[in-house]
Amino acid sequence: MEDLKDIIKECASGNIRAQEKLYRLFAPKMFGVCLRYAKDRHEAEDNLQEGFIKVFTNIGSFRYEGSFEGWIRRIMINVALGKFRKHDVITAVEDIGKYETTGSADGIFERLEAEELLELIRQLPPRYRMVFNLFVLEGMNHQEISEIMNISVGTSKSNLARARDILKRKVQDLYREVKSVN
Amino acid sequence: MMNEELNMDKAFREKLENYLAKPPDHIWNSINGQLGLNRKKIQMTWYSLAATAAVLVIALAAGWYFSRVLEDDTFKTADTKSESFNERSTAGDIINSDDEIIATDDVSAGAVPVTQFASAENESYFINKTEDQKLTDNLQPDEGIAVLAQQSMQLIDNIKAAFSFSDENITLADRKEQVISYPFESVDKNLVTENVILTGRNLSEKEPNWKMGLNISPGYSSYSASHGENYASNMTYSDHHGNSSVTGGFSLQYKAGKRWSIESGVSYAQNGHKSESAPQSFDVYAESDNLVPATERLYFNPEVDIADNRISMNSVAGIIDLKTVPQGAEMTANLEKADNYSTVLLTSGEFSQVFDFLEIPLYLRYLLIDSRIDVEVMGGVNTGFVVGNKAYIKNEYGEQNIGKTRDISPLNFSGTLGLGLTYAISKNISLALEPRVNYYLNSINSNPDVDFRPYRVGVYTGLYYEF
């Protein structure tokens with residue numbers, strides 16, 4: 001199998017075949033990432049396209065320090081963040097502790113399929129979706145999230161709490177519906 | 001509650017962290033297309049940069065060239081004047097600055113290519129201005145001029161004496177040696193040496209004798225023709241118009257004298273004409289067409305000869321052998337005629353006849369005005385090889401090649417006259433604009449009943465390189 005390093009080098013020199021190879025290698029994973037950050041599939045496709053164009057345009061600046069997949073993933077997230085900044089106004093209001101947590105939904109999430117979880121995330125309001133993704137799936141802390149989203153740490157925490165609350169409610173509703181059908 | 005959140009996060013992480021989803025195929029196509037556009041943009045940026053760089057280089061080279069020309073021109077005057085004047089000023093001489101410098105480039109005429117002869121140590125070579133002033137102050141204007149002329153002659157004699165060149169045919173190299181060995185001051189000696197070297201170098205630079213380039217011209221072509229009576233009686237008399245075409249080629253010129261040059265090369269030219277609506281035979285179709293004003297409808301209605309399994313018609317350039325009946329055309333019998341040409345072809349549209357020539361010119365050019373924009377007259381003959389011979393009908397079925405003209409001579413001769421304006425863009429590159437008239441000296445059709453001589457006019461634009 002061709003070394004990833006060679007493919008990256010070929011991509012940097014503008015080799016179209018290498019670019020396609022790289023795309024085929026990473027596109028499914030990155031599309032999964034894009035689907036989590038986008039409000040719908042169409043936006044996810046746009047982000048994937050825009051992200052890969054940035055990858056190929058800037059691949060020459062990749063220094064082989066750290067994971068290449070991480071580098072691409074970061075580009076995809078940045079595209080999503082950029083779009084979020086452009087379209088969704090970030091309110092600077094401190095809203096920590098504003099939302100009451102709802103009842104327990106323990107055990108339900110484990111029983112859901114990936115696609116169902118994705119759908120739940122996509123239904124979150126944009127800012128909550130961003131914070132939830134960054135915290136839960138990218139493993140960032142609130143300090144980091146506050147910096148890249150230009151919000152306070154408190155807001156980040158509040159948004160995360162609110163996102164979890166919404167997800168729990170939704171999953172409880174879903175569970176209730178399933179139970180009533182059965 | 002904390003555990004519940006942790007479990008929830010864990011469930012999302014486990015199922016979505018490595019989640020794969022196949023993107024639609026069109027995304028790669030879009031990415032590829034976008035990257036292609038980016039590559040083109042980058043290429044265009046490079047081309048733009050290269051073009052800008054080329055323009056800058058040309059501008060710099062032109063600037064350097066023209067500044068060098070200016071330096072060359074001023075070298076013998078301004079620099080030498082100031083230096084020698086300073087030298088002599090210190091020696092206390094009063095010298096008319098007009099008399100200081102005697103410069104000539106005319107080495108070929110036997111004159112000495114020297115700029116400066118002034119020297120404080122060689123006072124005898126110069127005339128003391130204070131004494132001259134006394135003389136001229138008491139003289140009439142004419143007498144004053146005579147005295148000044150005498151003084152100038154005396155100065156020249158002094159210079160001649162100083163160089164004491166007995167042999168007028170002495171070589172430049174010899175002169176250089178002699179000038180350097182003459183006991184002038186160091187500044188003067190340097191000037192003299194530099195000047196001789198410079199003049200020598202300029203002389204050694206060969207004037208460009210050759211010029212080559214490409215030219216192109218939009219043109220208008222038509223013909224003059226006469227026909228035998230028999231031929232003419234069966235010929236289609238119609239309203240003929242000239243044809244527009246593009247002519248161009250490669251030109252090579254050799255400068256044979258100061259004003260004369262010879263030109264040859266190879267060029268492509270097209271001569272043709274069109275024939276518009278005019279009926280020859282008044283059959284039912286043509287007659288109905290004839291009722292319609294010509295500007296509203298074009299049709300072609302010649303008499304044709306159907307014999308020996310071929311169709312032919314008499315055109316102004318000769319007999320055209322039709323390959324086939326054109327699409328959209330109708331054939332009817334002309335009951336008024338009983339000879340060979342008793343059939344009539346009728347089609348709407350326009351008939352045209354075109355001849356392509358490959359011409360090898362031999363021109364003589366004479367330079368009338370030698371200036372920034374040179375003006376030349378030119379004239380000569382072309383050997384024209386017929387490389388294309390076609391006839392067309394253009395109707396609702398498109399432009400159809402219907403056949404070719406019979407008896408066209410493969411080799412013909414034409415004459416050309418023109419007036420050329422040439423503008424020197426740089427030392428070696430020039431742009432030319434040249435209106436020309438070209439007329440075929442012989443009938444290009446060898447049929448004795450047909451005398452067909454095409455002509456064309458055009459304004460040639462050319463880019464030339466001298467070497």
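Chain B has a secondary structure of nine helices and 15 strands, where helices (H or I, at least four residues) and strands (E, at least two) are DSSP runs numbered from the N terminus. This is a predicted model, in which local features need pLDDT of at least 70, side-chain atom pairs count only at pLDDT 80 or more, and totals for chains, interfaces and linings use all residues. Residues are numbered from 1 along each chain as its sequence is written, while chains are lettered from A and ligands numbered from 1 in the order in which they are written.

**Chain B overall**
- Of the 467 residues in chain B, 27% are buried, meaning that 20 or more other C-beta atoms, placed from the backbone, lie within 10 Å of a residue's own.
- Among contacts in chain B with a separation of 6 or more, 67% join residues 24 or more positions apart; a contact has two C-beta atoms, placed from the backbone, within 7 Å.

**Strands around β13(B)**
- Strand β13 of chain B (residues 411–424) pairs with strand β11 of chain B (residues 373–395) in the antiparallel sense over 13 bridges; pairing takes at least two bridges found by DSSP.
- Met378(B) has Gly418(B) in β13(B) as its bridge partner.
- β13(B) also pairs with strand β14 of chain B (residues 429–440), in the antiparallel sense over nine bridges.
- Here, Leu421(B) stands opposite Leu433(B) in β14(B).
- Four residues lie between β13(B) and β14(B), which form a hairpin.

**Confidence in chain A**
- Chain A has a mean pLDDT of 85, with 86% of its residues at 70 or more; pLDDT is the predictor's confidence in each residue, from 0 to 100.
- Residues 92–98 of chain A have pLDDT below 50, and this stretch has ten contacts in the model beyond near neighbours in sequence.

Note on methods:
Buried ≥ 20, exposed ≤ 12 C-beta atoms within 10 Å, placed from the backbone.
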